[in-house]
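The exercises below are to be worked with the sequence and the model side by side. Each task is followed by a solution in steps.

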Amino acid sequence: RVPRRFIAGHAAICAGFVLFAVWLTYPLVWNSGTHLPGAGAGDNVAFLWNSWWLGEWAAGRGNLFFTDRLFAPAGTPLVLHTHTTLPSALAFLLPFGSVIAQHNAVLIAALAANGIAAYALAFRHVRQVVPSAAAGLLFSGSAYVCAHLPGHFNLVQAWVLPVSALAWLRFVECPSLVSGTILGAAIAAAAYTDYYYLVYVVLLIATWAGHRCVTFNASWQRRPWDRTLSILLLLDLVLLMSVNPGFGGQA
């Protein structure tokens with residue numbers, strides 16, 4: 001049985017990543033129904049269109065992977081379009097009246113999920129909260145994520161990578177119908193979020209499977225968490241929090 005304080009600690013870390021996601025997009029949380037991240041209309045509006053189009057499909061007014069609202073009058077297929085079907089579907093299911101608010105809520109949730117998923121993957125290996133939380137913080141606040149936050153919302157959904165890694169490791173350790181189903185769901189989540197991430201997940205699995213063909217000797221010595229490293233981590237966190245990226249949004 002897992003101690004309650006252990007569960008409470010994980011819950012506190014997860015809440016911290018939610019607050020970090022709100023901070024990364026601040027003040028979007030106060031304007032979620034009227035603004036989008038970004039300096040102007042561009043790819044950010046295109047991904048908002050994806051959320052709107054999925055709602056049109058759900059209402060029976062269009063085909064999910066083909067639209068007649070673009071390249072009229074012939075229309076165009078959306079199979080190879082960065083359709084972000086999964087995030088758009090999650091946005092559609094939210095009980096909000098505005099498609100903009102739904103879209104922004106999923107975006108903020110994705111930023112939190114990035115940190116939580118990376119934290120879970122790191123904790124699975126090191127079994128220590130502080131370094132695992134640091135891993136989640138570095139992943140969720142990485143330059144890659146922040147650089148894509150003004151418009152490339154498909155690539156912000158990086159949580160599918162650590163989730164797929166966790167699902168694969170679970171399947172390798174305990175092959176079963178349940179673990180196989182979870183792995184399939186994780187791979188599908190990557191595919192219906194962004195095709196790039198599907199390629200990365202396939203490469204991860206292929207690399208992991210191929211490493212069994214190579215053997216080498218290595219030693220690992222666990223060392224106690226160094227106080228100096230803790231201080232440096234704290235200073236890094238203060239520096240990070242002092243520079244708000246300011247993705248407040250564009251009307």
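**Exercise 1. A serine in its surroundings**

In which helix is the place of S164? State also whether S164 is buried or exposed, and list what S164 touches beyond its neighbours in sequence.

Step 1. The model is a predicted one. In this model S164 is placed in helix 8.

Step 2. Buried means under 20% relative accessible area. The relative accessibility of S164 is 1%, so S164 counts as buried.

Step 3. Leaving out residues up to four places away in sequence, S164 touches L183, A186, I187 and V201.

**Exercise 2. Helix 8 against helix 9**

Describe how helix 8 and helix 9 pack, using the angle, the distance between the axes and the residues that meet.

Step 1. Two packed helices are described by the angle between their axes and by the distance between those axes. For helix 8 (residues 160-173) and helix 9 (residues 177-191), the angle is about 160° and the axes are 9 Å apart.

Step 2. Angles over 145 degrees count as roughly antiparallel. Helix 8 and helix 9 are therefore roughly antiparallel to each other.

Step 3. The crossing in which helix 8 passes helix 9 is left-handed.

Step 4. From helix 8, the contact draws on V160, V163, S164, A167, W168, R170 and F171. Their counterparts in helix 9 are S179, G180, I182, L183, A186, I187, A189 and A190. Sorted by class, this contact of helix 8 with helix 9 has 11 nonpolar, three polar and one charged residues.

**Exercise 3. Helix 2 against helix 3**

Find the angle at which the axes of helix 2 and helix 3 cross, and name the residues that meet.

Step 1. Helix 2 covers residues 43-58 and helix 3 covers residues 85-93. Their axes cross at roughly 70° and come within 9 Å.

Step 2. The range for roughly perpendicular is 65 to 115 degrees. Helix 2 and helix 3 are therefore roughly perpendicular to each other.

Step 3. Helix 2 passes helix 3 in a crossing that is right-handed.

Step 4. N50, S51, L54, G55 and A58 of helix 2 meet T85, S88, A89, A91 and F92 of helix 3. The contact of helix 2 with helix 3 holds five nonpolar, five polar and no charged residues.

**Exercise 4. Helix 4, helix 5 and two residues**

Step 1. The axes of helix 4 and helix 5 come within 7 Å, crossing at roughly 145°. Helix 4 passes helix 5 in a right-handed crossing.

Step 2. Not counting residues up to four places away in sequence, S132 touches Y119, A122, F123 and V126. The C-alpha atoms of S132 and I13 are 9.8 Å apart, although 119 residues separate them along the chain.

Step 3. With residues up to four places away in sequence left out, F17 touches A112, G115, I116, Y119, A133, G136, L137 and S140.

**Exercise 5. Cores and overall layout**

Identify the residues with the most contacts inside the largest nonpolar core, and give the helix and strand content of the protein.

Step 1. The largest nonpolar core has 19 residues, and L24, L111 and V156 have the most contacts inside it. Helix 1 (4-25), helix 4 (99-126), helix 5 (129-140), helix 6 (143-148) and helix 7 (153-156) supply at least two residues each to this core. Helix 4 gives the most, with six residues.

Step 2. Another core lies apart from this one; it has 15 residues, including W159, V160, L183 and V201.

Step 3. The protein has 11 helices and two strands, in the order α-α-β-β-α-α-α-α-α-α-α-α-α along the sequence.

Step 4. Of its 251 residues, 35% count as buried. Among contacts between residues at least 6 apart in sequence, 68% join residues at least 24 apart.

Definitions and conventions:
Residues are numbered from 1 along each chain as its sequence is written. This is a predicted model: local features need pLDDT of at least 70, side-chain atom pairs count only at pLDDT 80 or more; totals for chains, interfaces and linings use all residues. Side-chain values use heavy atoms; hydrogens and water are left out. Axes are lines fitted to C-alpha atoms, for helices over the stretch in contact, and angles run from 0 to 180 degrees between N-to-C directions. Helices (H or I, at least four residues) and strands (E, at least two) are DSSP runs, numbered from the N terminus. Angles under 35 degrees count as roughly parallel, over 145 as roughly antiparallel, 65 to 115 as roughly perpendicular and the rest as oblique. A crossing is left-handed if the near helix is turned anticlockwise from the far one by less than a right angle, and right-handed if clockwise. Contact means heavy atoms within 4.5 Å. Ala, Val, Leu, Ile, Met, Phe, Trp, Tyr, Cys and Pro count as nonpolar, Asp, Glu, Lys and Arg as charged, and the others, Gly among them, as polar. A nonpolar core is a set of buried Ala, Val, Leu, Ile, Met, Phe, Trp, Tyr and Cys residues joined through side-chain atoms within 4.5 Å. Buried means under 20% relative accessible area, exposed over 50%, partly exposed in between (1.4 Å probe, protein chains only).
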